[in-house]
Amino acid sequence: PGPAIHIRGTVLLPSFTLQILHFLWVSFQDQVGFQVRLNFHFACLKVCNRVRVETVGRVDMRSLLLVTSLLYLLDGSFASHGLNGADSFDPAGSHGTVNVREALPDFIDPNGYILYCPCMGRFGNQAENTLGTLAFVRELNRTFVVPPFIIYPPEASKNSERVEFKKWFNLKPLNAEHRTITMEDFFKKVAPVVWPKGSRIGHCMEYHGQDSKAQCRHKEGNPPGPFWDHFGVDFDGYETFRLPYDTSSSSSRNAWNERFPADKYPVIALPGAVGSFPMNPKDWPLQRVFQWSSAITTRVKKFIKEKLDNEKYVGIHLRKGSDWERACEHAGEGGRGDYMASPQCTHGTRVTITKEICLPSETTILKEVKKVVKKTKVKYLFVASDSDPMVRKLTKFLKQLKVTVVTHSPDDLRMDLAVLQRSEHFIGNCVSSVTSFVTRHRLLTKMPTSFWAVKN
């Protein structure tokens, strides 16, 4: 037995040669006794096929020469497909590795890819996780595989569903920020080359006392199971790690790249987002990648023209649903400074979260709306809410100011967010990630924002 080797190569062959290669390789494998995986990918229309050959095992030097000679005869030239013999071939076995780097198509990123399931929370949380993961991937210089958004139908019997990123947002700003590919395009074009079925490894954080399969629960429950099933992914194995998610330092970046080098791990598949929640304030400016699609922008302009007469307006976000009431029961416990998405109003301040900030009373809402309406002198108030928008109470309370209260019907969160972003003044809920989506945008555009029960 000689050194452990890892050979990876790509060759373009006529179809009849492909059949001969398959026969020879299967026979050869039985003789030398090591594993070979052949994945065939149709290319060059009807003229040729792409063959990805990958071998891992311990072989003697004679077998190694037979392998490389076979590749040479079929391929015509090592040089044309990147054999780096001087650097990688070590007949003495001092490091025991031989690499034939794959000649990848132009659309493949040799630095690798990172993908994940956006399995935590609804839109607001998923948006924050998208930005946090983008920051993480950018530091590692891999391509960011942009997942679809996960939505939950009102019918409890239905599984989660997915909406492509480009249906709601323009892809150009995201691509300008860093190399990206939508998950839909990744599985159509890239996965068959760098992450084919049979070699799909999942990755997750390591915890003591459990094996990798028990720890990496990529497909357990809903939405993880339906999410990966949608893309036809069954994991063939798992690997764990103990690495920092903050990759802003060179030491953490080096640790990731040493643990998962791109030539050996072209894809890192994570069970969830690596970005923290709430997201790190230093990443707030990445909100610039969220620019609405032309379809949503057209609808928003039409709504503002027809319902708000293209006039200036105040926008407010009311978070009042029963699920939110339960969440706010723990706000302010133990004198905690932050709770959920609260850094949007506590970062750099002495604000302490209270139940009133999380779930403001009607008195607080009416009082603060009236104050802002008087200051801005607007004639329209736009209300976005997950429950009661308080239209009648607000209309009555603002009657003397002759303010028209408007909501969007039917409920459409994307429309609500886009309209709130354009308001003259926005009042939101400090603890809500839906509010934080609007807040980050308004920080970029330098438009005023305030929060219920928070003194500016």
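Cysteine 216 is buried, at a relative accessible area of 2%. Here buried means under 20% relative accessible area, exposed means over 50%, and partly exposed lies in between, with a 1.4 Å probe and protein chains only. The model is predicted: local features need pLDDT of at least 70, side-chain atom pairs count only at pLDDT 80 or more, and totals for chains, interfaces and linings use all residues. Residues are numbered from 1 along each chain as its sequence is written, and side-chain values use heavy atoms, with hydrogens and water left out.

The partner of cysteine 216 is cysteine 204; their sulfur atoms lie 2.0 Å apart, forming a disulfide. A disulfide is a pair of cysteine sulfur atoms within 2.5 Å. The S-S torsion of cysteine 204 and cysteine 216 is about -85°, so this disulfide is left-handed. Cysteine 204 sits in strand β9 (residues 201–205), and cysteine 216 in the loop between α8 (212–215) and α9 (224–230), 12 residues apart. Helices (H or I, at least four residues) and strands (E, at least two) are DSSP runs, numbered from the N terminus. Cysteine 204 is also buried, at 5%.

Next comes the link of cysteine 328 to cysteine 358, with S to S 1.9 Å. Its torsion is about -70°, so the disulfide is left-handed. It ties helix α12 to helix α14 (residues 355–358), across 30 residues. Cysteine 328 is buried at 4%, and cysteine 358 is buried at 0%.

Cysteine 345 bonds to cysteine 430, again by a disulfide, with S to S 1.9 Å. The torsion of -70° makes this link left-handed. Cysteine 345 belongs to helix α13 (residues 343–346); cysteine 430 lies in the loop between β15 (425–428) and α18, 85 residues apart. Cysteine 345 is buried at 7%, and cysteine 430 at 0%.

The count comes to 4 disulfides. With the bonded cysteines numbered in sequence order, the pairing is 1-2, 3-4, 5-7, 6-8.

Now the largest pocket. Its volume is about 1100 Å³. A pocket is an open set of points on a 1 Å grid over the protein atoms alone, with protein on both sides within 12 Å along at least five of seven lines; lining residues have an atom within 4 Å of a point. Of 38 lining residues, the closest to the centre are Arg122, Phe123, Arg319, Leu413 and Val434. Elements giving two or more lining residues include α4 (123–140), α12 (322–328) and α18 (433–445). Helix α17 gives the most, with 5 residues.

Terms used
1 Å grid on protein atoms, 1.4 Å probe; cavity = no way out; pocket = protein on both sides within 12 Å on 5 of 7 lines; lining within 4 Å. Points joined across faces, edges and corners; volume = space filled by probe spheres on them.
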